[in-house]
Amino acid sequence: MSSDNNDENRRDFLMVAAGSFTAVGGACALWPLIDQMNPDASAKALATVEVDLSPIKDGQAITIMWRGKPVFIRKRTADEIKEAKDVDVADLPDPQDDGDRVKNDEWLVLIGICTHLGCIPSGQKTGDNSGEYGGWFCPCHGSHYDTSGRIRKGPAPRNLEVPPYAFVTDTKIKIG
Amino acid sequence: MNLSFTAPFKTSKLSIAVLVVSSLFVSPLVFAAGGGDAPEIKRQEWSFSGFFGRYDKAQLQRGFGVYNEVCSSCHGLKLLSYRNLAEKGGPEFSKEQALAIAKEATVIDGVDDEGEPLERPGKLSDRFVPPFKNEAAARSVNNGAYPPDLSVMAKARTFHRHVPWYTEPYYWLYDITTGYEEKGVDYLYALLMGYKTAPRGVVLNDGMSYNTVFPGHQIAMAAPLSEDAVEYADGTPTTLDQHARDVSAFLAWTAEPHLNARKDMGKRVLLYLVILALLLYLAKRSVWSRVKH
Amino acid sequence: MSDHSSSYEPSNGFTRWLDERLPIMRLMHGQFIDFPTPRNLNYLWTFGAILTFCLMVQIITGIILAMHYVPHGMHAWSSVEHIMRDVNWGDLIRYTHAVGASMFFLAAYIHMFRGLYYGSYKSPREILWILGVMIILCMIMTAFMGYSLVWGQMSFWAVTVITNLFTAIPVVGESITQWIWGGYSVGDPTLNRLLSLHYLFPFIIAALVGLHIWALHVVGSNNPVGVEAKTPKDSVSFFPFYVIKDGFAVIVFALLFAWFVFYAPNYLGHSDNFNEANPLQTPPHIVPEWYFLPFYAILRAIPDKLLGVIAMVAAICVLFVIPWLDTSKVRSTSYRPLYKPFFWLFVITCLALGYLGAKAPEGYYLLASQLFTAYYFIHFLVVMPLIGMIETPKQLPDSIAEDVLEDTSEAEKA
């Protein structure tokens, strides 16, 4: 009788051990199947971009690609800088001081994607609709951004995002 | 219970299997000498072959040197990026070294305002810049021949062993159990070592060289390597044999850049499977002990 | 077997509620838990489970590869290299898929030879067998199309050679071939449809496997003795007995699988496929993957184009009719002394054809392929019907239980 019980216990133990060991292995095997959808090595390698700022004139803006996204780089005029600084931060939908959004007052670097639903705002070229605040205007749902890329009017919840970047020299930045 | 019934049978089968497999490892590999026209290519010792194989990064660095100074003027590596040179499991140059290598190349990236191609120095994320603009350009300066890209060359070539047909299964088994994946590398090494003066009576076409292992023996590439062709920083003797070995090893890596990681993972997976198989076998035996079958 | 009543009892309110509306748990319980299975199955009967495992591995890895693959002549080959180099775990996933095809065929061939040896195709299992032949046919097409997607030299020329077989059809051959190509040669349209169909076929296979298992569960498993299970003493429940045994076999098989994936991933492939497809240059030897070699040998054994194609197709299609070609009442070859040597001769024939398929069809090799091709058909068309009529089989046990318990009962008597 007791030997029968022992047998049964041993059997149950082995079944449970084998079953859980299988489950653990299956779970481990799942990770590669999921991780393969993450950005691959060649995409990760494109994570940084160097941009030469010397050809950009006052008031001009350029768009470059970083990780497949447009990045706006604008050389602001003295008026635009003044406009951006004079705003009462407390009145903004997403309060942020202009000083926290730039590393050098002249240069505004932004990810050119509306924080509402991902469209690209206009205002990069002279003659583009740049909205009521002289910055950018998103044609999809009418969001207005100012000369610091902050949301002023419209459905977008947040200011245009500032990508990580650093000045390598006075006229060269490295994004990413 | 069932075991006691079948045990003698199983044991005898098992012992035969053990005998067969162990004989594979003790018996020396004999390649029949190439009959007639057939060249003899030997299986070489490589640090990266077999179960415990890993690339020797010092060798890959030397091999890159040989490629860079000798081969790269005609042969591209279009599947490689400069960043690969600094990645784990390869030559493992430092990021700075890899960047310095990349910067020597001129990359065409977009066009300027007049529509002319815009040139800049290479970056880590760039693919290796090919030596020629296109096939026609390559042929025009190479006596009509097209130097092939070498990215996967170490897997794109092979050779046939000239052994009696009834011994072939033995070689298959030997190759599989020892994980022999280096036929192409052995071929490359043999090719680089295979330049000889043409035997009497062999007339070479214009610009061709004689090579013992190249099919047809007439190869458009002149002997690329010679003693002291490339300087080694690590003091390894710069013999022809060493150059050929190092560049073959380097090309093995370019063809199979994740070999180290794959073989490491393989050991973990096999260990897991062996343990699971044991557990399942014990569970199976315990379950089946209830019934006779 | 299918009429055995499931011992399923819903254990809680929800399962009772579900059972009254969709008795899926009852069905699964009846078919995969307490399903009566002959108690004397040997390890050759685990290949059904191994094949299910293989199919699942191929479908999962295949869906992943399709996320990264580009079906265009300019990019296909380099997108495969992109998977190998840059995609996270890409090399392992691709090697698993490539080696997986070989493992799938290895298991399928063992499964088929098991069926042939133990006469598993005989009444009442004809439909079960026919569904199996349909599965192997679909597997052959799927594997061929998958191999072509790599778009290396061997891929490209294999597609060219195999699609050109259709030109052997009188009158309409040329038009059919152009229809298959979507052009006047193998090109981008061909590659695109190959991908589309390669993605579709595994699901057809999965459906056929469903029918195969259904048919199996209607008539029940055959067994090494070949006597039908009659009393409960002849059978054990599928769970835990065969679940655990099949599980063990799958893992042992996975060990072999893993060895190839991690330590010899390119051994079963061909070096020429590491050269990108070049429509202007044919490689010196066109060789299919190892699992097609016997059929390839049959194709080349016959010097006439049309007859060669017919022989190759017939080599597979003859399997559809063997339930009626075999006249013996006895299933298991173990009880058929006269047939047994012929069975092994047939196995040797298949292996020899496989070997010859990789050799140039000249001289002794050609002669040998012709002899073995002849025996391949003679075996089915002459040996099978004839021996069944003249052979005196060994005495069969009355039941599975008698065969299994023989020793014990004798021991008890003593």
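This is a predicted model: local features need pLDDT of at least 70, side-chain atom pairs count only at pLDDT 80 or more; totals for chains, interfaces and linings use all residues.
**Chain B**

Chain B contains nine helices and four strands, and read along the sequence these elements follow the pattern α-α-α-β-β-α-α-α-α-β-β-α-α. Of the 293 residues in chain B, 43% are buried, while the accessible surface of the chain comes to about 15,600 Å², with carbon and sulfur atoms accounting for 60% of that area. Among the contacts in chain B with a separation of 6 or more, 64% are between residues 24 or more positions apart.

One residue of this chain can be followed in detail. Thr236(B) sits in the loop between strand E4 (218-219) and H8 of chain B, and it counts as buried because its relative accessibility is 16%, under the 20% limit. When residues up to four places away in sequence are left out, Thr236(B) touches Arg62(B) and Gln242(B). The side chain of Thr236(B) makes a polar contact of 3.3 Å with that of Arg62(B) and another, of 2.8 Å, with the side chain of Asp234(B).

**The interface of chain B and chain C**

The size of an interface is often given as the accessible area lost when the parts come together. Between chain B and chain C the buried area is about 4,200 Å², and carbon and sulfur atoms give 67% of it. Arg262(B), Trp288(B) and Lys292(B) supply 15% of the area that chain B buries against chain C, more than any other three residues. The contact involves 49 residues from chain B and 43 residues from chain C.

There are 15 residue pairs in polar contact between the two chains, counted where both residues have pLDDT 80 or more. On the side of chain B that touches chain C, helix H5 (153-156), helix H6 (168-177), helix H8 (240-255) and helix H9 (259-288) each supply at least two residues, and the largest share, 17 residues, comes from H9(B). By residue class, this side of chain B divides into 26 nonpolar, nine polar and 14 charged residues. Three salt bridges are found across the interface of chain B and chain C.

**Salt bridges**

Side chains of opposite charge can pair when their charged atoms come close. Over all chains the count comes to 34 salt bridges, and the table lists some of them.

| Pair | N to O distance |
|---|---|
| Lys78(B) and Glu276(C) | 3.6 Å |
| Glu256(B) and Arg262(B) | 3.0 Å |
| Arg21(C) and Glu20(C) | 3.8 Å |
| Arg331(C) and Glu228(C) | 2.7 Å |

The surroundings of these pairs can be described residue by residue. Glu256(B) and Arg262(B) are both buried, whereas Glu20(C) counts as exposed at 64% relative accessibility. Arg331(C) counts as buried at 11% relative accessibility, and Glu228(C) as partly exposed at 24%. In chain A, salt bridges that share partners join Arg76(A), Lys85(A), Asp98(A) and Asp105(A) into one network.

**A covered helix in chain C**

Helix H11 (residues 293-301) of chain C is mostly covered, with eight of its nine residues buried; among them are Leu293(C), Phe295(C), Tyr296(C) and Ile298(C). The cover over the buried residues of H11(C) includes helix H5 (90-117), helix H6 (126-149), helix H12 (305-325), helix H13 (339-357) and helix H14 (363-390) of chain C.

Terms used: Residues are numbered from 1 along each chain as its sequence is written. Chains are lettered from A and ligands numbered from 1 in the order in which they are written. Side-chain values use heavy atoms; hydrogens and water are left out. Contact means heavy atoms within 4.5 Å. Buried area is the accessible area (1.4 Å probe) that two parts lose on being put together, summed over both. A salt bridge is a side-chain nitrogen of Lys or Arg within 4 Å of a carboxyl oxygen of Asp or Glu. A polar contact is a pair of N or O atoms within 3.5 Å; within protein, one must be able to donate a hydrogen and the other to accept it, and residues adjacent in sequence count only if both atoms are side-chain atoms. Ala, Val, Leu, Ile, Met, Phe, Trp, Tyr, Cys and Pro count as nonpolar, Asp, Glu, Lys and Arg as charged, and the others, Gly among them, as polar. Buried means under 20% relative accessible area, exposed over 50%, partly exposed in between (1.4 Å probe, protein chains only). Accessible areas come from the Shrake-Rupley method with a 1.4 Å probe; for residues, only the protein chains shown count as cover.
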